[in-house]
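Dear colleague,

I am handing over the structure below, and after it you will find my notes on what turned up. Please read them alongside the coordinates.

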Amino acid sequence: MERTLSIIKPDGVEKNVIGEIIARFEKNGLGIAALKMVHLSKKEAEGFYIVHKDRPFYGSLTDFMSRGPVVLMVLEGENAIAKNREIMGATNPEQAEPGTIRKDFATNIEENTVHGSDSPESAAFEIGYFFNAFELVR
């Protein structure tokens, strides 16, 4: 059993596709171990994306992630990290496979609707950034 962090970004919340996105995870064998909606401050977004602080998109990414509410989830299941990334699709929605979340809902490479951990190490950091042990209920 593996866990991963998934975020429905502000554009996904604004488009009212939260339920549809969650249903896609569940239909593909991923369970929800924790779930909450928050509005990140700029500082919280910067802390979460600190790994990208030297990249040119860091400022616009953290502005975007703090512009409105996000839905934070811990997904779990067999190969949860890889399965989540497959369901999300390529970072650039123009390159994403048909039927993936990003192909169906994303606006562009920056407003791409969802985030998912890319490794066990990043999943551990990301889950711990937003959830404490008492909030993980499965």
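The charged end of Lys36 lies over the ring of Phe131, at 4.7 Å from its centre (a charge sits over a ring if NZ of Lys or CZ of Arg is within 6 Å of the ring centre and within 35 degrees of the ring normal). Please keep in mind that this is a predicted model, in which local features need pLDDT of at least 70 and side-chain atom pairs count only at pLDDT 80 or more, while totals for chains, interfaces and linings use all residues. Residues are numbered from 1 along each chain as its sequence is written, and side-chain values use heavy atoms, with hydrogens and water left out.

Phe48 and Tyr49 make an edge-to-face pair, 4.8 Å centre to centre with 85 degrees between the planes, and both Phe48 and Tyr49 are buried (buried means under 20% relative accessible area, exposed over 50% and partly exposed in between, with a 1.4 Å probe and protein chains only). The rings of Tyr129 and Phe130 are also edge-to-face, because their centres are 4.9 Å apart and their planes stand at 85 degrees. Here Tyr129 counts as partly exposed, at 31% relative accessibility, whereas Phe130, with a relative accessible area of 11%, is buried. Ring pairs join Phe48, Tyr49, Phe125, Tyr129 and Phe130 into a cluster.

Best regards

How values were computed: Rings of Phe, Tyr and Trp (its six-membered ring) pair if their centres lie within 6.5 Å; planes under 30 degrees apart count as stacked, over 60 as edge-to-face and the rest as tilted.
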